2 protein chains.
Amino acid sequence: MQKEFLEVKDLYRNKEEYAGKTVKVAGWIRTSRMSKNFGFIELNDGSFFKNMQIVLDEKLDNFKEIGKLPISSSILVEGELVLTEGSKQPVEIHATNIVVEGESDSSYPLQKKRHTMEYLRTIAHLRPRSNTFSAVFRVRSLAAYAIHKFFQDRNFVYAHSPIITGSDCEGAGEMFRITTLDLENPPKTEDGKIDYSQDFFGKEANLTVSGQLNAEIMALAFRNVYTFGPTFRAENSYTGRHASEFWMIEPEIVFADLEDNMELAEDMIKYVINYVMENAPEEMQFFNNFIDKGLLERLNNVVNSDFIRITYTKAVELLIESGHKFEYPVEWGCDLQTEHERYLTEEIYKAPVFVTDYPKDIKAFYMRMNEDGKTVRAMDLLVPGVGEIVGGSQREEREDVLLARMEEMGLNKEDYWWYLELRKYGTATHSGFGLGFERIIMYMTGMSNIRDVIPFPRTPKNAEF
Amino acid sequence: MQKEFLEVKDLYRNKEEYAGKTVKVAGWIRTSRMSKNFGFIELNDGSFFKNMQIVLDEKLDNFKEIGKLPISSSILVEGELVLTEGSKQPVEIHATNIVVEGESDSSYPLQKKRHTMEYLRTIAHLRPRSNTFSAVFRVRSLAAYAIHKFFQDRNFVYAHSPIITGSDCEGAGEMFRITTLDLENPPKTEDGKIDYSQDFFGKEANLTVSGQLNAEIMALAFRNVYTFGPTFRAENSYTGRHASEFWMIEPEIVFADLEDNMELAEDMIKYVINYVMENAPEEMQFFNNFIDKGLLERLNNVVNSDFIRITYTKAVELLIESGHKFEYPVEWGCDLQTEHERYLTEEIYKAPVFVTDYPKDIKAFYMRMNEDGKTVRAMDLLVPGVGEIVGGSQREEREDVLLARMEEMGLNKEDYWWYLELRKYGTATHSGFGLGFERIIMYMTGMSNIRDVIPFPRTPKNAEF
């Protein structure tokens, strides 16, 4: 039956082709204005951000019934597509037949009045029907596809890194434990501890915080790879920028140094923004009008300018020279706080900024040591409004240097046996980064809370829907 | 530095353009044959299934050193691209300079001799460098992209369904528990039970077994959506067809019945097979030659034939009439076992078969009840060699019928409040299915064990790498 019902998007985009013809559409009533003899229905069919205006009159058998339908009722409409130049919408359908598919209830909570974002989160099963979330989740879908297309067009292999991990040594954050033990009565070892050897995986298992180490495996076989999957943080963080479950993209490239890495990140971000602006112009206009006034101008600037590249050392100098009073004072060696990052990108450069070559003590063990022995080939990409959006590095490919660094940091090299073997059997210069998918959606839409760019967000004390 | 080094795939595909020119490549030594004055290296750079033959001779300063490099050493090669018509490979590079990037160790385990699949699983960090796994994981990547492209080209919205779920009511299988409680010393309620209100999400939480119910939410806003993400089963199953973590695609379409659903599944599968055959011809030829002799013929048949559509009732009749002796006898009402499914698709039809309208008692509560009151609008797609590859249904969109069915099955309607509200606020005919991603990879490659189509498989007692 579905092919009978044309998509509203198709009717908008190819309106000349359909003009004057009888068409069928199916969708949900967003609003209706009825008078005694005729009426207008704004019908949304989900295929498109914009509604189709349905014009109906008393010649319809069920004109009265239709007029009384609550908002969000679904109907099947047959009628003539009419071009309406000069009016608010370019097309409308003059209905000759309307069938009620599913009558809604007058208690439908998404009435015309504005709701708070907080309230809308409590009806996550209905909020995708609102303009805002219709736009957000379509942009999310398009951005995800743009990322795949960007990498696939460049011959990257999409590598599925595991979600369940038997190692807790990734070190990127707090982890969720996974178990099938009967927790009310778990098996114990002789010394009274829980006996994880009897758990499902025969040992402790957690949800992944990063697919990077696995991506390195794949890259050292395929040259260029990327992951794109969910990652997890069991942190009791209630900010608008953190969720317990989020999606991450982690490209990894071989015979490639930090310069290549930055170029890749810059190209990718520009590509995704361009793709979304081209493929969701109505949604992006909506965000620009109602969510974040300067959005399109800012995104166009980003797409058309070169990203700034400075070292951490230079960044610290600039922050100190600025004379700006920060909550956390800046000095060489400190980790950059969000306030510092935002000052750099929003005040000093007003553009995306790569900061490179961080002190080794605030970065992970796998980042390549510079010749100064103090800094590593790390990079963070900072963007206005969001702060850090990408973090990456050139990886330490030298087995001896890596081992020394692990020892220095107290890591157990047996836990990393396979990671070390990648350096033993044909190591190569390689680099990669992680992009928080929700961060780039926030950046592109102007939405300020991560809970509002994930269809069913998971945060502390919240796993509804 | 990466752009200096052309991809071997590029050199093969555009060999006329590069012929006679000086090029640089970087990759790993797969094999080498050295004589006193000259030698041949088969170099794989990961970009392509095929190797590049490097011809070198004693004019190179480091000719002797290169000749002694263990397999899997990485090298940077500069030389002239030479067309070699009539020989085994169409091109080779006459090296003028070779730099050793990373010398391997002679203990490298992937030597020329054949290894068992079981052994290769123990070196999952190196097996992607073998021909078989290079081919499998590239096909996996291309198939994943083909799925996205198929749906995106049709204006479907990619919906991320949650991985962590607070409901254990999806009923599709055993679940993994997620927790951050200190399991050695968990908080207890007054009556001595574990107090999950103090757990991270404030209640019990599990890993998802299906995104379908969430996909229905999104579909009833966007008309056509699909999910593509990891799903989990905590089943102690040691077969070659089951993994604890696997990826699933779940499209959901609105104003669409079971016929639309079958058409979509058939179109999608044909599209993915075509896409992979077109974009990985070398890999598919390899599978056909070394893994599964009749593979390409079978896939070409599938792509060019209409899938069979029969009812469950008819399928049972055919199985009984066949006179074949099954381990599990067949009678109306029984669940079809793998042996039955395979007999239908491999012996009776020798083609993919949709079986529809199963007895309600062996299917899920959300499937639409037929007028006979005994069967539901379910469909399974069976394919030769694999058995069930797709399971789906038209969903019960009638609130009263759904409620009655849930009551009959003893389900608690409070647990499904939002699912029921989808029927209250503008319900609509809708349908969907689930495709196990690994199943279709096995089907397309002839690989017989699911552990060998997942880069880092998770199965009972195994969460390595």
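**The interface and the sheets**

The contact draws on 125 residues of chain A and 124 residues of chain B. Keep in mind that this is a predicted model. Between them, chain A and chain B bury about 10300 Å², and 58% of that lies on carbon and sulfur atoms. On the chain A side, the residues that lose the most area to chain B are His160(A), Phe255(A) and Tyr425(A), which together make up 8% of what that side buries.

One salt bridge joins the side chains of Lys203(A) and Glu464(B), with 3.0 Å from N to O. For polar contacts, the rule finds 58 residue pairs across the interface of chain A and chain B, both residues of a pair being at pLDDT 80 or more.

Which element of chain A gives the most residues to the side that touches chain B? That is helix α5 of chain A, residues 131–153, with 13 residues. By residue class, the side of chain A that touches chain B divides into 57 nonpolar, 38 polar and 30 charged residues.

There is also strand pairing between the chains. Strand β8 of chain A, residues 177–179, pairs with strand β8 of chain B, also residues 177–179, in the antiparallel sense over three bridges. In that pairing, Ile178(A) stands opposite Ile178(B).

Now to chain B by itself, starting with the barrel. Five strands of chain B form a closed barrel in the order β1-β2-β3-β5-β4, and the pairing is mixed. From one strand to the next, the twist averages 55°. Within chain B, β3 (residues 52–57) and β5 (residues 91–102) pair in the parallel sense over three bridges. Gln53(B) stands opposite Glu92(B) of β5(B).

The other item in chain B is an open sheet. The sheet has eight strands, ordered β6-β10-β11-β16-β15-β14-β13-β12 in chain B, again with mixed pairing. Which strands of chain B are at the edges? They are β6 (157–158) and β12 (308–311) of chain B, each of which pairs on one side only. Further in, β15 (residues 387–394) and β16 (residues 430–436) of chain B pair in the antiparallel sense over five bridges. Val390(B) has Leu435(B) in β16(B) as its bridge partner.

Two helices of chain B go with this sheet. Helix α10 of chain B, residues 312–321, lies across β12 and β13 (353–359) of chain B and runs at about 90° to β12(B). Helix α11 of chain B, residues 338–348, packs on the sheet and touches β12, β13, β14 (375–383) and β15 of chain B. The direction of helix α11 makes about 65° with that of β14(B).

Key:
Residues numbered from 1 in each chain as written. Chains lettered and ligands numbered in written order. Predicted model: local features only at pLDDT ≥ 70, side-chain atom pairs only at ≥ 80, totals over all residues. Heavy atoms only, no water. Contact = heavy atoms within 4.5 Å. Buried area = accessible area lost by both parts, 1.4 Å probe. Salt bridge = Lys/Arg side-chain N within 4 Å of Asp/Glu carboxyl O. Polar contact = N/O pair within 3.5 Å; in protein donor to acceptor, adjacent residues only side chain to side chain. Helix = DSSP H or I, 4+ residues; strand = E, 2+ residues; numbered from the N terminus. Nonpolar A, V, L, I, M, F, W, Y, C, P; charged D, E, K, R; others polar. Pairing = 2+ DSSP bridges. Axes fitted to C-alpha atoms, helices over the stretch in contact; angles between N-to-C directions.
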